[in-house]
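Here's a friendly walk through one structure, piece by piece. Have a look at it first, and then we'll get into the details.

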Amino acid sequence: MTGTSLNSMLLASADPDRLRSWYVAALEPQESTEMDQYRVLRFDAFNLMIDSRADVGDKNPEPGRVILNFEVPDARAAVTRVDELGGAWLAEIEDRDGSLFATAIDPDGNYVQIIQLSEEHRAAMTQK
């Protein structure tokens, strides 16, 4: 290993099975498995680990503190899946100079940003 990397996040929930089901249906991870008590969703090289904790309530009281950003191949399709789940929106889908952004609210009240970057924005991010 040559440096520090971020490869996972623990998302605590009072109802981890419900939360996992929502993320699987809405965002279609490459893999959904269980490891011990954890529900592990793999999105490329990043693992979202969902578990229960006694010190969290049913809803996140400060959802803006951490926003989960998911880059998707088709933002409109992801928005449709969230709508079909009865999902709520903090910000509906909008076009920002060719890139698409929307911010959903998951069943625990966390903010989940759906992003589809344009080729132009993707190229600009890789330039130094």
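## A charge over a ring

Let's begin with arginine 96: its charged end sits over the ring of phenylalanine 101, 4.3 Å from the ring's centre. "Over a ring" here means that NZ of Lys or CZ of Arg is within 6 Å of the ring centre and within 35 degrees of the ring normal.

Before going on, some ground rules: this is a predicted model, where local features need pLDDT of at least 70 and side-chain atom pairs count only at pLDDT 80 or more, while totals for chains, interfaces and linings use all residues. Residues are numbered from 1 along each chain as its sequence is written, and side-chain values use heavy atoms, with hydrogens and water left out.

Which residues of α1 are buried? They are Pro16, Leu19, Arg20, Trp22, Tyr23, Ala26 and Leu27. Seen down the axis of α1, these buried residues fall within an arc of 160°, so they line one face of the helix. (The arc is taken from the directions from the helix axis to the C-beta atoms, and buried means under 20% relative accessible area, with exposed over 50% and partly exposed in between, using a 1.4 Å probe and protein chains only.) Just after α1, glutamate 28 takes a positive phi of about 50°.

## Rings that meet

How many aromatic pairs does the structure hold? There are three. Rings of Phe, Tyr and Trp (its six-membered ring) pair if their centres lie within 6.5 Å; planes under 30 degrees apart count as stacked, over 60 as edge-to-face and the rest as tilted.

Tryptophan 22 and tyrosine 23 have ring centres 4.9 Å apart and planes at 80°, so that pair is edge-to-face. Tyrosine 23 also forms a tilted pair with phenylalanine 70, at 6.1 Å centre to centre and 45° between the planes. Tyrosine 23 lies in helix α1 and phenylalanine 70 in strand β5 (residues 67-71), so the pair ties together parts 47 residues apart in sequence. Ring pairs link Trp22, Tyr23, Phe43 and Phe70 into a cluster.

Notes: Helix = DSSP H or I, 4+ residues; strand = E, 2+ residues; numbered from the N terminus.
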